[in-house]
Every structure is written in structure tokens, then in C-alpha cells.
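Please keep the sequence and the structure in view while reading.

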Amino acid sequence: MAATKVGCEHYVRSCLLKAPCCGKFYVCRLCHDAEETHQMDRFKVQEVKCAVCNTIQEAQQICKECEVKFGEYYCDICHLFDKDKKQYHCQPCGICRIGPREKYFHCTKCNLCLGTELKDKHKCVENVSRQNCPVCMEDIHTSRVGAHVLPCGHLLHGTCFDDMLKTGAYRCPLCMHSAFNMKEYWKQMDEEISQTPMPTEYQDSTVKIICNDCQARSTVSFHVLGMKCSSCGSYNTAQDGGLMGTPAANTQTLPEEPDAEQHH
């Protein structure tokens, strides 16, 4: 028989899972976790109940009694039943991913599956998906919400990234690196600053900065709208100390400061 389209807001399936923790039946682990004070271990599920004939049986794809298919896709490791979304089970990730498989590869260092377009084109951060999303502080690795890979290599939920942009934020919440290509915005900043001269008493003031994008240290002209990195041209910078009276022309990149204990 064809699959009967029942289920929940999370999955299309024709069975309920018996939670190994409390013995109750739920359509999925997410429904269980929303109702209970504990979490269901999907890997320990052993029994399911057919939503058509109510037969309780060993977890499998087709009902042994009425032969209804519980899900177009079934993984006997994750005990995932769902409609066909080109899912595949990634052994190193330890869970099922939405495919198709040929469009993804598993990065060993990052320890997660990424789109093939990022192969050899992303910055690796070891076990990056095992950290919670820095915006909502919820799990990324097993989340049903797609992850967004930032240029710095850190991850956050795609929806959290969109929400972040709506607020005007443009930096990674973890390392402060620019979250996308800011080249055009930096050009606008150049224009704004050129049209907004500082008061006479500040025109010769300079300040030391550290760039969040390239990590270079510079001494640049002080401006309330922003200080531009002399190395990469980014305005994603942080002031390092107070104002100085050094001539504004002195904008060369400085060598890194020696350790504090070396000063006399």
C-alpha cells in the first residue's frame, strides 16, 4: 500500500514512535520533546505504532499487519520516517541529512556536511557544528533548520542569519569578522566620511586600531563615523587606546606590540 499522509508539523509519516524513555507514543521526537521534560533518544527507538491499524511492532518501513508504508524515506539508524526529500544518512555526522547526497560532502575537520560549492573554498573550524548557534543558543548539528556558513568558518542557523541582517548587524557574533562581503558598504563609508569633516580640534587626531577582518594593527585618522583599516580597507575595526596627536598622514600598518612584560 502507498503511504498514508499523516504525521505532524515536522514530518509526513504514518506511524508513531514509542519513546524508549517514557514508553509514550509520539509522531516524532520533536513532538515528544515539546511535551515532556526530557528528550527522546531517536537511536534507541525500537517500536512504532501503525497510524492506520494501530499495530505495535518493531521499527521498520512497512507495517507488518496492513502493509502501509510508514514513510517514503526510512533510516533504520535514526528511525527517521518522512516524505522523500532526497535524504541520506551521513555516517561521520551520525544523522540523516536532506540531500541529494551528490550535492554535499563531509568536511572531516569541520565535522559536518557542506554544499559541494564550498569544497576547498571555506575556512575550516574544528567541530564547528558541535557548538550551539551563537544567536539563538540552540543546537545546530541536529537542527532541521539549515546552517549558514560565515566567511570566518563559524555557523549559525540560516533563519538567525536573516534575522541578524534585519537588525543591521554585519559581524560574526563569535569572532566579529564581517559576515559577508562589505566592499560596497565600505565605499559608502568612504564617501560619508569625506563629506563629514571633523571639528578643527580633532582634525589632526589619530588613534590605534585593530581590524576584526584581517587582524592588522594601524594608526589612522580619528573619525566618529569609523576608522578604516590601513591594511585591508575595512571599517570593521576596534579602537585600541585613546586619541593621539600624531599627524593624520601617519596611517601605515604598525608591527604588533611586544608583550607587556617586555616594556621597561
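The second largest pocket of this predicted model has a volume of about 380 Å³. Its lining is made up of 15 residues, and Arg29, Leu30, Gln39, Asp139 and Thr142 are the closest to the centre of the pocket. Helix H1, which covers residues 29-35, gives the most to this lining, with three residues. By residue class, the lining of the second largest pocket holds seven charged residues, four polar ones and four nonpolar ones.

The largest pocket comes next. The general idea behind such a search is simple: rolling a probe the size of a water molecule over the atoms shows where empty space is left. The volume of the largest pocket is about 760 Å³, and 34 residues line it. Those nearest its centre are Cys96, Arg97, Ile98, Ser143 and Arg144. Four strands each supply at least two residues of the lining of the largest pocket: S6 (80-82), S8 (95-97), S10 (112-115) and S11 (147-149). Which strand gives the most to this lining? That is S10, with four residues. The lining of the largest pocket divides into 18 nonpolar, nine polar and seven charged residues.

Four strands form an open sheet in the order S2-S1-S3-S4, and their pairing is antiparallel. At the edges are strand S2 (25-26) and strand S4 (56-58), each of which pairs on one side only. The partner of S4 is strand S3, residues 47-50; the two pair in the antiparallel sense over three bridges. Within this part of the sheet, Lys49 stands opposite Ile56 in S4.

Where in the chain is Ser234 placed? Ser234 belongs to the loop between strand S14 (217-221) and strand S15 (237-239). Is Ser234 buried or exposed? With a relative accessible area of 2%, Ser234 counts as buried, because the cut-off for buried is under 20%. The side chain of Ser234 reaches the backbone nitrogen of Asn236 at 2.9 Å. Leaving aside neighbours within four places in sequence, Ser234 is in contact with Trp186, Cys211, Asp213, Met227, Lys228 and Cys229.

Definitions and conventions: Residues are numbered from 1 along each chain as its sequence is written. This is a predicted model: local features need pLDDT of at least 70, side-chain atom pairs count only at pLDDT 80 or more; totals for chains, interfaces and linings use all residues. Side-chain values use heavy atoms; hydrogens and water are left out. On a 1 Å grid over the protein atoms alone, a cavity is a set of points where a 1.4 Å probe fits but cannot get out, and a pocket is an open set with protein on both sides within 12 Å along at least five of seven lines; lining residues have an atom within 4 Å of a point. Grid points are joined across faces, edges and corners, and a volume is the space filled by probe spheres set on the points. Ala, Val, Leu, Ile, Met, Phe, Trp, Tyr, Cys and Pro count as nonpolar, Asp, Glu, Lys and Arg as charged, and the others, Gly among them, as polar. Two strands pair if DSSP finds at least two bridges between them. Buried means under 20% relative accessible area, exposed over 50%, partly exposed in between (1.4 Å probe, protein chains only). A polar contact is a pair of N or O atoms within 3.5 Å; within protein, one must be able to donate a hydrogen and the other to accept it, and residues adjacent in sequence count only if both atoms are side-chain atoms. Contact means heavy atoms within 4.5 Å.
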